[in-house]
Amino acid sequence: RFKPEDLFQIETQLHSFVTWDKHDEDVPKGDVGEVKKVIVKEGRLSVRFPKGTWKFKISQLKMYHLQPGHLVHWQKCDEDIERGDIGEVVRRAEKGNRFSVQWPQGNWVMKPIELEKVAFQR
């Protein structure tokens with residue numbers, strides 16, 4: 001059992017998308033990572049970024065404004081995804097700083113910076 005003084009509340013959970021409040025050559029500014037493991041004894045989270053997985057203090061991470069399950073618009077449009085189409089963020093893509101998004105016409109991998117959260121959510 002945990003003692004009450006050993007517990008602390010965090011909004012970050014497994015598979016949450018986060019950014020690091022610093023940056024370096026391994027985690028460039030703007031890269032989005034995915035929480036892969038909560039290491040309670042160390043008070044750290046294991047986070048996978050495009051270039052690898054590292055442990056971070058919880059205080060060094062910020063929740064990204066988009067999370068799995070969020071509904072989004074693409075800030076652009078083309079013959080596959082029309083202006084106004086709504087997609088759902090599924091996961092962080094395996095390679096690069098990209099998200100997998102399910103659209104009515106199929107699944108595409110997209111840059112998070114090009115996605116806009118829809119005003120309403122489920």
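This is a predicted model: local features need pLDDT of at least 70, side-chain atom pairs count only at pLDDT 80 or more; totals for chains, interfaces and linings use all residues.
Q: Why is Arg-122 called exposed?
A: Arg-122 has a relative accessible area of 74%. Exposed means over 50%. Therefore Arg-122 counts as exposed. Arg-122 sits in the segment after β10 (115-117).

Q: What makes the meeting of Arg-122 and Glu-88 a polar contact?
A: The two side chains come to 2.7 Å. A polar contact needs N or O atoms within 3.5 Å. Leaving aside neighbours within four places in sequence, Arg-122 is in contact with Leu-71 and Glu-88.

Q: Why is His-70 called buried?
A: The relative accessible area of His-70 is 17%. Buried means under 20%. So His-70 is buried. His-70 lies in the loop between β5 (61-63) and β6. Its side chain reaches the backbone nitrogen of Gln-67 at 3.0 Å. Beyond neighbours within four places in sequence, the contacts of His-70 include Glu-88 and Lys-117.

Q: What makes β6 and β7 a pair of strands?
A: Strand β6 (residues 71-74) and strand β7 (residues 87-92) share 2 bridges. Pairing takes at least two bridges, so these strands pair. The sense is antiparallel. Val-72 has Gly-87 in β7 as its bridge partner.

Q: How do you know that β6 also pairs with β10?
A: There are 3 bridges between β6 and β10. At least two are needed, so the strands pair. They run antiparallel. Trp-74 has Leu-115 in β10 as its bridge partner.

Q: Why is the meeting of Glu-34 and Arg-48 called a salt bridge?
A: The N to O distance between these side chains is 3.7 Å. The limit is within 4 Å, so the label holds. Glu-34 lies in strand β2 (residues 33-39), while Arg-48 lies in strand β3 (residues 44-49). The pair therefore ties together parts that are 14 residues apart in sequence. Side chains of opposite charge can pair when their charged atoms come close.

Q: Are Glu-34 and Arg-48 buried or partly exposed?
A: Glu-34 has 7% relative accessibility. That is under 20%, so Glu-34 counts as buried. Arg-48 has a relative accessible area of 21%. That value falls between 20% and 50%, so Arg-48 is partly exposed.

Q: What makes Glu-42 and Lys-55 a salt bridge?
A: Their closest N and O atoms are 3.5 Å apart. This is within 4 Å, so the pair qualifies. Glu-42 is in the loop between β2 and β3, and Lys-55 is in strand β4 (residues 52-57). The two are 13 residues apart. Glu-42 is partly exposed at 42% relative accessibility. Lys-55 is partly exposed at 47%.

Q: What makes Lys-76 and Glu-114 a salt bridge?
A: Their side chains meet at 3.2 Å, N to O. The cut-off is 4 Å, so this pair qualifies. Lys-76 is in the loop between β6 and β7. Glu-114 is in the loop between β9 (106-110) and β10, 38 residues apart from Lys-76. Lys-76 is partly exposed, at 44%. Glu-114 has 15% relative accessibility and counts as buried.

Q: Which residues do salt bridges that share partners join into one network?
A: They join Glu-34, Lys-36, Arg-48 and Glu-94. The count for the model comes to 6 salt bridges.

Q: How do you know that β2 and β3 pair?
A: They share 5 bridges. Pairing needs at least two, so they pair. Their sense is antiparallel. Val-35 stands opposite Val-47 in β3. The two strands form a hairpin with 4 residues between them. In the turn, Gly-43 has a positive phi of about 65°.

Q: How many bridges join β3 to β4?
A: There are 6 bridges, and the strands run antiparallel. Ser-46 has Lys-55 in β4 as its bridge partner. This hairpin has 2 residues between its strands.

Notes
Residues are numbered from 1 along each chain as its sequence is written. Side-chain values use heavy atoms; hydrogens and water are left out. Buried means under 20% relative accessible area, exposed over 50%, partly exposed in between (1.4 Å probe, protein chains only). Contact means heavy atoms within 4.5 Å. A polar contact is a pair of N or O atoms within 3.5 Å; within protein, one must be able to donate a hydrogen and the other to accept it, and residues adjacent in sequence count only if both atoms are side-chain atoms.
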